[in-house]
Amino acid sequence: MEQPASMRHDDEGPMNDSDALLPGHIQRANIWRLAIAQALAGANAVAVYAAGAIIGSQLAPSPMLATLPISVFVVGMAVCILPAGAIARRHGRRAAFLAGTAAGVVAGLLAMLAVIVGGFWLFCLATFFGGAYAAVVLSFRFAATDGVAPAQRARALSLVMAGGVAAGVVGPQLVTWTMDLWPRHMFAATFLVQALVAALSALILLGVRLPPPSAAEIAGGRPLPEIARHPRFVAAVICGAVSYLLMNFLMTAAPLAMHMCGHSQASTNLGLQWHVIAMYAPSFFTGHLIARFGAVRVTSTGLVLTGLSAAVGLGGMEVAHFWATLVLLGLGWNFGFLGASALVLECHRPEEKTRVQSLNDFIVFSLMAIGSFASGGLLSAYGWNAVLWVSFAPLGLALVALALAMRRRIADARPAGHSPVE
């Protein structure tokens, strides 16, 4: 079993042990508020993923650009992660939260307008703002660990992610209930409701109480290149990137692939609903699994489940195959991404947390954007099976990176002068 981060004092120094702890009732209130905000934010992401490719195929000047709005959503996430981290470092996480929810309101209103006027590039701009909102939502999981004892941080992180269970139910149903409310403009009402939900999230986040940034945190700690070279951080980034890249890669293509196979929009929405539930429902116990078996084992399990999802998808084009692929993909993402996020918590000191966490998410979602851009073109040119086959290469890379990080950890732990038995 891996040694808990709270007990480890290696070449990176004592990781997070010196964080000031918040009173228990404030910790619990923060987790509840962040979990609810995580659930409400699901309306933003699900609306884009469920409707983005369909609207894109109707408005795009070329079929090859059908999934561009979803790719722009991912680009918005990647571009805005570091600025959101800078706001949090200088002004506190709550300021970053409110900036993100404001972007979510703008995203919904612009998307509604784009659907009404038939503006493809305006819709892409809307999804960029939606990505900016999603970038801030990413920090909720790390914010939940602020002021929490090291031994409880993986559990706090996973409980906030569990808020996505409600997103898995509410988000797709919100799309189903609202997409035809304005018959002349399909999905226009959906994005109006999404803007209102983002405004509600802002009100909830106003009550989050977190430790203010310290002078040391504003100064930033060690240079980022020094941290980024460590094998544990490299493995955490690669595994997080692959977990999210493949989840987005396959989820971006799946709705359009189902549409191309003649399956109904309702079937697509239901598949996405169970996918999102599978992404977040395990979060109620993922933190316990990480504490018991270690982040590396949990991350490895997630990568294997993601590979299994692609294998199931290769078995056929029926609705059941798509649904099974999406459910396994969600489970794989949960274990892979949360395990990798827990590894990130082991890679920084308290004063470095927002910079290191933002760097991790920036790299993860920059790489994910590449996969998002590639999926639409790959699906259009070569079909759904090609998208599935390509998924196995990054999975192999992530497993190798994880194995190398573990090998380095074992070598570092070996007493000086000890040599393995030949």
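Student: Quick one to start: is F187 buried or exposed?

Tutor: F187 is buried, with a relative accessible area of 0%. Buried means under 20% relative accessible area, exposed over 50%, partly exposed in between, using a 1.4 Å probe and protein chains only. Bear in mind this is a predicted model: local features need pLDDT of at least 70, side-chain atom pairs count only at pLDDT 80 or more, and totals for chains, interfaces and linings use all residues. Residues are numbered from 1 along each chain as its sequence is written, and side-chain values use heavy atoms, with hydrogens and water left out.

Student: Where is F187, and what is its phi?

Tutor: F187 is in the loop between α6 (164-178) and α7 (188-205). Its phi is near 80 degrees, a positive value in a residue other than glycine. Most residues other than glycine have a negative phi.

Student: OK, zooming out. How many helices and strands are there in the chain?

Tutor: The chain has 17 helices and 2 strands. Those are DSSP runs numbered from the N terminus: H or I with at least four residues for helices, E with at least two for strands.

Student: And what share of the residues is buried?

Tutor: 58% of the 422 residues count as buried.

Student: Tell me about α10. What span should that helix have?

Tutor: Its 30 residues (231-260), at 1.5 Å a residue, should span 44 Å, and the end C-alpha atoms are 43 Å apart, which agrees. The expected span is 1.5 Å times one less than the number of residues.

Student: Where does α10 bend?

Tutor: At A254, by about 30 degrees, and a proline, P255, follows within four residues. The bend is the angle between axes fitted to the seven residues ending there and the seven starting there. Just after α10, G262 takes a positive phi of about 90 degrees.

Student: How many of the residues of α10 are buried?

Tutor: 25 of the 30, so α10 is largely enclosed by the rest of the structure.

Student: Where does α1 bend?

Tutor: α1 bends by about 45 degrees at G52.

Student: Last topic: at what angle do the axes of α4 and α5 cross?

Tutor: Roughly 145 degrees, with the axes of α4 (residues 120-143) and α5 (residues 153-161) coming within 7 Å. F140, R141 and F142 of α4 make the contact with L157, V160 and M161 of α5. Contact here means heavy atoms within 4.5 Å. Axes are lines fitted to C-alpha atoms, for helices over the stretch in contact, and angles run from 0 to 180 degrees between N-to-C directions.
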